[in-house]
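Please look over the sequence and the structure before reading on.

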Amino acid sequence: MAPKTYVTLEEITSQTIAWGDAFDVVHDLSGKIKKLNLKEYRQILFIGCGSTYYLSLAAATLFQSMTGCICKALPSSELMLFPESVFTDGKLLLIAISRSGATSETLHVVNDFKKSNRGDVIILTTENNSPLFQLGDISIAINKGREKSVAQTRSFSSMYLASTYLAFLFGASIDFFTLKTDFIKTGKRLISTYQDFAKEIGQDQNISQVFFLGSGNCYGLVNEVSLKLKEMSQTVTEGFHFLEFRHGPISMVDARTLVIGLISHKSRNFEKEVLNEAKNFGAKTLTVGESDLDVIFSSGLPEEGRGVLYLPILQMIAYYRAVAFGKNPDSPRQIMSVVKLALEG
Ligand code: F1P
């Protein structure tokens, strides 16, 4: 009997179609987007919940490093509960990210932001028919990123790619759209080259806990891939900045630990050192990045833009671990694809 497959696997392996959609949608809106004058904003706030909060973290870091604007990422709920700890006087740009476009906390914050005339709003979603989509001064919907599964995979990567494109529109001289074909080709190649490898790691029953390390633009991404593993397989896992790992967490490492490093070009020597130390304490390690590592992109794409390439193999590891441990990755226990709270009335 053929092994059961789940829709999550199809969503992960088909994600480059959604990447193409992200390129096309942002390209079509680029004239309107470029009319925004970033200098007008005192701060740019990125918000979301769960996966889309981690997307916000990754996008805010990239956006600040490419544009020089002050960017901050927050879970929508923190802005809902403690707005005074975040909002400043002066005009703000709010970038609200939500796969469903229907999560209560995010909707609440955007409605409130607009009522209080705090500034402009960009919405990033996969649902053009959602309530959130209607609220944007600019709304970006990557419809091909939609999913049936609870855990976000192709929706995350395609919305992250769209946010990367936004950062390039404001902060780079190269036309990001010209890289569309290279991204799609590289993504497809990585998925087909490393699928069996991801399965092998995912099925390794000797591994009991997993740490993901990533710095700079990769920090939001390590939190996201760690969340994938938590949601799909209920594995004990956490994400850390590379050098933070020495400041306590490394004490957790043992022979049943896997430490996965999302290696940057800029700081690779510092990052590899941390992994070597974890290895000396008995951990298995896995390195992912552009060249000379276990998983190699060989993309030639610009470092700031290629964060999305880390995602497919790590999503596949989460998928195969879930299946190997008898879990249903499409429908993880105790979570729903959208959280709707009775906030008003
Ligand atoms: C976000 C969310 C996440 C959760 C899960 C399902 O919804 O609920 O909090 O981790 O991955 O999606 P959304 O606002 O992005 O639709």
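H3 passes H6 in a right-handed crossing, where right-handed means that the near helix is turned clockwise from the far one by less than a right angle, and left-handed anticlockwise. The model is predicted, so local features need pLDDT of at least 70 and side-chain atom pairs count only at pLDDT 80 or more, while totals for chains, interfaces and linings use all residues. Residues are numbered from 1 along each chain as its sequence is written, and side-chain values use heavy atoms, with hydrogens and water left out.

**Helix packing**

- Two packed helices are described by the angle between their axes and the distance between the axes.
- Helices are DSSP runs (H or I, at least four residues), numbered from the N terminus.
- The axes of H3 and helix H6 (residues 154–171) cross at roughly 20° and come within 9 Å; axes are lines fitted to C-alpha atoms over the stretch in contact, and angles run from 0 to 180 degrees between N-to-C directions.
- That angle makes H3 roughly parallel to H6 (under 35 degrees).
- Helix H7 (residues 180–202) packs against helix H10 (residues 311–324) at an angle of about 40°, with the axes 8 Å apart.
- The H7 and H10 crossing is right-handed.
- H8 and H10 have axes 8 Å apart at an angle of about 20°, and are therefore roughly parallel to each other.
- H8 and H10 also cross in a right-handed sense.

**Ligand shell**

- The ligand is surrounded by 14 residues, and the closest are Ser98, Arg99, Ser100, Thr103 and Glu231 (a heavy atom within 4 Å).
- Helix H3 (51–67) and helix H8 (219–233) each supply at least two residues of this shell.
- By class, the shell has eight polar, four nonpolar and two charged residues; Asp, Glu, Lys and Arg count as charged.

**Ligand contacts**

- A backbone N or O atom of arginine 99 lies 2.8 Å from a ligand oxygen atom.
- Glutamine 152 places a polar side-chain atom 2.9 Å from an oxygen atom of the ligand.
- A polar backbone atom of serine 337 is 3.4 Å from a ligand oxygen atom.
- The ligand taken alone exposes 390 Å², and the protein buries 92% of that (Shrake-Rupley method, 1.4 Å probe).

Terms used
A polar contact is a pair of N or O atoms within 3.5 Å; within protein, one must be able to donate a hydrogen and the other to accept it, and residues adjacent in sequence count only if both atoms are side-chain atoms. Angles under 35 degrees count as roughly parallel, over 145 as roughly antiparallel, 65 to 115 as roughly perpendicular and the rest as oblique.
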